[in-house]
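Please view the structure before reading on.

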Amino acid sequence: VNLVTTGGDLVQPGGSLRLSCAGSGFDFGSSAIAWARRTPGKEFEWVSTIYSGGGEYYADAVKGRFSISRDNAKNMVYLQMNNLKPEDTADYFCAIEALVKLGYDYDFWGQGTQVNVSA
């Protein structure tokens, strides 16, 4: 089971980024995939989840600004982040939602990708 998160960068407030999550080694199309973020010294903050049927859920902090999508043919999930704010600065991780619920941490699959929103 492997998840690779890419797309983080330095961006100015009000800017946009698209993060990508590539999955392999499991039934990607049948799996709910979640995004979470973490800033130094803080706990993980759930950001968004997309289910196999396409249902999407968002944290209040990002609702209306972030959009999650998936391409099962490519085993990819994307997080489009618009109107970014300094408080969105964090390391972003993708994870298999079912395994998170079983106790796996969001960073179990890797280091995530860093998003830095700064002027």
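Trp46, Tyr51 and Tyr57 make a nonpolar surface patch of about 300 Å². The model is predicted: local features need pLDDT of at least 70, side-chain atom pairs count only at pLDDT 80 or more, and totals for chains, interfaces and linings use all residues. Residues are numbered from 1 along each chain as its sequence is written, and side-chain values use heavy atoms, leaving out hydrogens and water.

Tyr51 sits in the loop between strand E5 (45-50) and strand E6 (56-58); strands (E) are DSSP runs of at least two residues, and helices (H or I) of at least four. Tyr51 counts as partly exposed because its relative accessibility is 31%; buried means under 20% relative accessible area, exposed over 50%, and partly exposed in between (1.4 Å probe, protein chains only).

Arg70 belongs to strand E7 (residues 66-71). Arg70 is buried but has no salt bridge, and Asp27, the nearest side chain of opposite charge, is 7.7 Å away. A salt bridge is a side-chain nitrogen of Lys or Arg within 4 Å of a carboxyl oxygen of Asp or Glu. The Arg70 side chain does reach the backbone oxygen of Ser31, at 2.9 Å.

The salt bridge count comes to six; the table gives some of them.

| Pair | Closest N and O atoms |
|---|---|
| Arg37 and Glu45 | 2.8 Å |
| Arg38 and Asp107 | 3.2 Å |
| Arg65 and Asp88 | 2.7 Å |

Arg65 and Asp88 are both buried. Salt bridges with shared partners join Arg37, Glu45, Arg65 and Asp88 into one network.

How values were computed: Patches are made of residues with over 30% relative accessible area and no salt bridge: like charges are joined within 9 Å, nonpolar side chains (Val, Leu, Ile, Met, Phe, Trp, Tyr) within 5 Å. Accessible areas come from the Shrake-Rupley method with a 1.4 Å probe; for residues, only the protein chains shown count as cover. Lys and Arg count as positive and Asp and Glu as negative; His and the chain ends are not counted. A polar contact is a pair of N or O atoms within 3.5 Å; within protein, one must be able to donate a hydrogen and the other to accept it, and residues adjacent in sequence count only if both atoms are side-chain atoms.
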